[in-house]
Amino acid sequence: MKAFLDENFLLNSKTAEVLYHNYSKQLPIIDYHNHLIPEQIANDIKFENISQVWLHGDHYKWRAMRANGVNERYITGDASDEEKFMKWAETVPYTLRNPLHHWTHLELQRYFGITDLLSPKTAAKIYADTGQLLQQDSHSVRGLLKMMNVEVVCTTDDPIDSLEFHQQFAGENESFKMLPAFRPDKAMNADDLVALNQYIDKLEEVCNVTIHSLGDYLRALKARHDFFAANGCSVSDHGLEQIYAEDYTEQEIASIFDKIRSKKEISFDENLKFKSAMLIYFAEWDHEKGWVQQYHLGALRNNNARMHRLIGPDTGWDSIGDFSQARALSKFLNKLDNQDKLTKTILYNLNPADNELIATMIGNFNDGSIKGKIQFGSAWWFLDQKDGMTKQINALSNMGLLSRLVGMLTDSRSFLSFPRHEYFRRLLCDIFGQDIERGEIPNDIEWVGKIVQDISYNNAREYFEF
């Protein structure tokens, strides 16, 4: 019987152990998509306690606590940080077979050297010990990133963000890079016209212009795109239910924008056309600059209207959706490719039923100009666990080139989430190791080790060119 979370965790063969420990383990991390707060990195803050760095904003843990019968006061409410931690400690023993059990104890080990299991019996000591460590320079925000050998972090930023903290950080001679990523979803969200008009008003202030027409709007957004590029940005991102790819004319979109700005209702079809056009505009700008564009597809968000009213979005009320993806995605990519305006693209899928769909779709637009130009991104959100990662890896292996995958990312709001890269690498090495030991791929450790290194790090370094 293997010990829990020992040095060969998830490595179920001697070959897998060699691949991980000799080829993958020591490689740096390029985390090209996350939701870390730039101000915290720029100012190298120290968290007062583990709840602040571990529980604040972590809707994975919040969902588990609710399922365990924990009152909302101890999750997003006014309970103290220590009280919230104790409720999380009560929940952890019940998370067996949920990836949270693995992540929790990996993070305690890697950042704090704690090998005890978190439970009500150990909670007080763990809270005190981690609190003391978090006050040391080694466990400041930058210290935590360096501890994990992080080379690049790309935050997620709205076009109207000032990027002041990226600029502040860029002026320092730090051992890793913090770069912005352009996420203009609010600029195309015509579902809420009040919010969209408020957004346009803010864009006017930021750009010091008046926005009356579609042309005005696009020039202002393009100016922000240029501003991001001038501040080191080379990555964009969208979080969408599905790609929008309706047919439209420029005159139609101009007329729809006029209605939006006049605070008139638009039809369902007009909404779809507006979103479709905006996606194309953004994609064309990305191509012009040689950026990498990312699309996170398939989340059904804010399902619980009552809790959304009470505590807002991104608090744990989202799920996997069953949207129709193939035809619109094909049409969107084809339109860009047909005009030679399709840049490097990563597609993230949230519904495992669509894995093979995405794995085959990318092959339609890999044109040989760039290795892995169109990527099936690593398992995302609800799928970034052992089963979900395995399915994504297998789908890509069977229908594309796993060897060209740009690897893992945290997609997290927590500075303690970087062991997810280790989790992915261990699982990857285990899959290759088992294939070798079953005689399904050649027993060429040097070559397979190179492939593992490429997926773990080298491919991302070459693809993103940070």
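Q: How do I read relative accessible area, and is tryptophan 381 buried or exposed by that value?
A: A residue is called buried under 20% relative accessible area, exposed over 50% and partly exposed in between, with a 1.4 Å probe and protein chains only. Tryptophan 381 has a value of 8% and is therefore buried, whereas phenylalanine 382 has 23% and so counts as partly exposed. The structure is a predicted model, in which local features need pLDDT of at least 70 and side-chain atom pairs count only at pLDDT 80 or more, while totals for chains, interfaces and linings use all residues. Residues are numbered from 1 along each chain as its sequence is written, and side-chain values use heavy atoms, with hydrogens and water left out.

Q: Which residues form one aromatic cluster, and over which ring does the charged end of lysine 289 sit?
A: One cluster is formed by Phe182, Phe227, Phe228, Phe282, Trp285 and Trp291. A charge is taken to sit over a ring if NZ of Lys or CZ of Arg is within 6 Å of the ring centre and within 35 degrees of the ring normal. The charged end of lysine 289 sits over the ring of tryptophan 291, 6.0 Å from its centre, and that of arginine 420 sits over the ring of tyrosine 60, 4.9 Å from its centre.

Q: What is a nonpolar core, and how many residues does the largest one have?
A: In soluble globular proteins, nonpolar side chains tend to be buried together. A nonpolar core is a set of buried Ala, Val, Leu, Ile, Met, Phe, Trp, Tyr and Cys residues joined through side-chain atoms within 4.5 Å. The largest one here has 147 residues, and those with the most contacts inside it are Ile41, Ile50, Leu118, Tyr217, Phe274 and Phe332. Helix α13 (residues 268–289) gives the most to this core, contributing ten residues. Since domain 1 (14–48 + 151–464) and domain 2 (49–139) both give residues to the core, it lies between them, with the domain bounds coming from an automatic or database domain assignment.

Q: With which residues is isoleucine 50 in contact?
A: Contact means heavy atoms within 4.5 Å. Apart from neighbours within four places in sequence, isoleucine 50 is in contact with Leu55, Phe85, Leu108, Phe112, Tyr127, Thr130, Leu134 and Leu416.

Q: How much area is buried between domain 1 and domain 2?
A: Buried area is the accessible area (1.4 Å probe) that two parts lose on being put together, summed over both. Between domain 1 and domain 2 about 2,500 Å² is buried, and carbon and sulfur atoms give 55% of that area. On the domain 1 side, Phe47, Glu48 and Leu416 lose the most area to domain 2, together 28% of what that side buries. The C-alpha centres of the two domains lie 28 Å apart, and the contact takes 25 residues from domain 1 and 26 residues from domain 2.

Q: Where is threonine 104 found, and which residues does it touch?
A: Threonine 104 is found in helix α6 (residues 99–112) and, at 1% relative accessibility, counts as buried. Not counting residues up to four places away in sequence, threonine 104 touches Trp54, Trp88, Val92 and Leu118.

Conventions. Helix = DSSP H or I, 4+ residues; strand = E, 2+ residues; numbered from the N terminus. Phe/Tyr/Trp six-rings, centres within 6.5 Å; stacked < 30°, edge-to-face > 60°.
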